[in-house]
Amino acid sequence: MNPITHAQLDWDDQGRPHSRIFDDVYFSDKSGLEETRYVFLEQNRLQERFAALPAGGRLVIGETGFGTGLNFLCAWQLFEQHAVAGARLHFVSVEKYPLSHADLRRALLLWPELHPFAEQLLAQYIAIHQGFQRLVLDNGRVSLTLLVGDALEQLPQLDAQIDAWFLDGFAPAKNPEMWTAELFAELARLAAPGSTISTFTSTGWVRRLINAAGFKMKRTPGIGHKWEILRGEFLGWPADTPVPAAAKPWFARPPAITGERHALVIGAGLAGCATAASLAARGWQVSLLERRAGAAREASGNPQGVLYLKLSAHGTALSQLIVAGFGYTRRVLEHLHRGVDWDGCGVLQLAFDAKEAQRQAQLAAAFAPDLLHLLDRDQAQARAGIALAHGGLFFPEGGWVHPPALCEWQAHQPGVTLLPHHDVLDLRHVDGQWQAWDGERLLASASVAILAGAAEVQRFANLPLKRIRGQITRLPQTADSQALATVVCAEGYVAPPRLGEHTLGASFDFKSDDLTPTAAEHTGNLELLQGISEDLAQRLGADSLAPEALEGRAAFRCTSPDYLPIVGPLADRQAFDQAYAALRKDARQVPGAACPWLNGLYVNSGHGSRGLITAPLSAELLAAWLDNEPLPVSRAVADACHPNRFGVRALIRTTTGKAE
């Protein structure tokens, strides 16, 4: 992976930004606003299209070159002025060199009339890192998906249907890589039927290349110093060009749900509450069923969870998901009370042995320093506020979260009804409705059901989930321990105090089913503390603490065999094995049979110890599946998390003689 760097800007005497890399301006020196509105909004007929959207309808805009966000903000303003309540705007934009937060703020000061929209954008323009980054604005009415990286690496991973394209890379002469046949083929692959397109350039070879991709372009009078611009419509994939490969049928989108938008979500932990909130933001009515007395009473109920990123330098699907999920969660946390519900105090992962130090050096080379960077021992001690035996890797945007606060906020969004003491023992599909039963009692029914109850999902679906017991220890802060200023991790972790207590943990026990905290595991956690910092252990008086007298909490993590969450629509496994039996003989086969979906049944589970980072974004992914929206993660990540991956692997392994 190559670390993404921010745009390098110079500013003229009127405060306008200029790209050093491309030696070009971000917008016209005459009137950037007028140009944007004429070239992109008017040529794509956005005013009339926004006005025509019904409640529950949406328009998806795609853009090459996010830049200062000016086009996005103008489109959002127009949408706000003309779309009915209940309509939604999706905006997807690719940007190789995103502006820093400070530069974005400075650039947007030029447009006072966009201030209300710019302030919302700036409030969510946090933790913008490489890959897919989803920002939710205007209480869910507007979604912005930034694809941070090279356009020809990011766009092929996008799963979306774009209704209107803005081509706004730097001028072809300055940035020819953004005006190629390969890029225009991606625009055509993603174009919805009747998709429109516009651009400020009228260069002949650009027009011919876009036409060759299946668009019909025509020159139209320009604005300001531009004599002509281009606009057009998508006619269809060119007959003489090979059609792009379709998604494999087991990863294709299920048929859209029609009728009332009501969903059951079973389980009110991190995954269930996030799922309920994401659906409610799209106008769904959600019944959130929880067997306990309230939300976040099981694994999501710890007093402090850590926003910790265990990454790979090789760009694996799990690593992509973690970077995208970390950014999304950080933006969600801005809605909560800092200091009590969460704290962005940073996370320090100690380089406690040579192997860990080597791993950290590889990560520091693969990611930008604003996501993670190395600290030597002295720097690490200064950050942490305590004495340490090692330096390590520092995540400046990380920190700790009080998971129950996040769950409560999500579970009380408009449209969500939390139903405690609702223990779903049976799920039946009757007349197009999923019915949740507790013995002889019908608890609720809806056209969609989402299984989000961690390993309890196995009551209703054959998925390879396993439970791992973990215990945390609650340590009262002391006058000396208050100096701890950041989360510190080694084999375990310890967080700065919240409401007078530090959280220390966590144990791993693959065998025990007993959730009663034990003195033995408190002892083990205190040993983890010594490995993190002998100084902190001394400040906390760890040697004088009696393990049997300590307070703590035990719960089950729920994880999958490949450590990726399980997110998406569920299929009938028996019919699946029959439909794709050809894979038993030849793993390269792609049978054409449609996937035998269990219509309206979805899952969001298997988040392990990463639930704070992966569950909220997985909820957005699930909502995108249900509403047929642009996916908020790359196609590779969506496929890697898909429940059907296990069915495919099981069929293929029969050809090699390996057990599932």
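Q: How many salt bridges does the rule find across the interface of domain 1 and domain 2?
A: Four of them. Bear in mind that this is a predicted model, where local features need pLDDT of at least 70, side-chain atom pairs count only at pLDDT 80 or more, and totals for chains, interfaces and linings use all residues. Residues are numbered from 1 along each chain as its sequence is written, and side-chain values use heavy atoms, with hydrogens and water left out.

Q: What makes the pair E620 and R134 a salt bridge?
A: The rule asks for a side-chain nitrogen of Lys or Arg within 4 Å of a carboxyl oxygen of Asp or Glu. For E620 and R134 the closest N and O atoms are 2.8 Å apart, so the pair passes. As background, side chains of opposite charge can pair when their charged atoms come close.

Q: Which polar contacts turn up across that interface, and how many residue pairs are there?
A: There are 11 residue pairs in polar contact, both partners at pLDDT 80 or more. That term means N or O atoms within 3.5 Å; within protein, one must be able to donate a hydrogen and the other to accept it, and residues adjacent in sequence count only if both atoms are side-chain atoms.

Q: How do you know where domain 1 lies?
A: Its bounds, 9-245, come from the domain assignment, which is automatic or taken from a database.

Q: What do domain 1 and domain 2 bury between them?
A: About 1300 Å², 48% of it on carbon and sulfur atoms. Buried area is the accessible area (1.4 Å probe) lost when two parts are put together, summed over both.

Q: Why does the radius of gyration of the protein chain agree with a compact globule?
A: The globule rule, over C-alpha atoms, is 2.2 Å times the number of residues to the power 0.38. For 660 residues that gives a value near 26 Å, and the protein chain has 26 Å, so the two agree. Its C-alpha trace spans about 80 × 65 × 50 Å along the principal axes.
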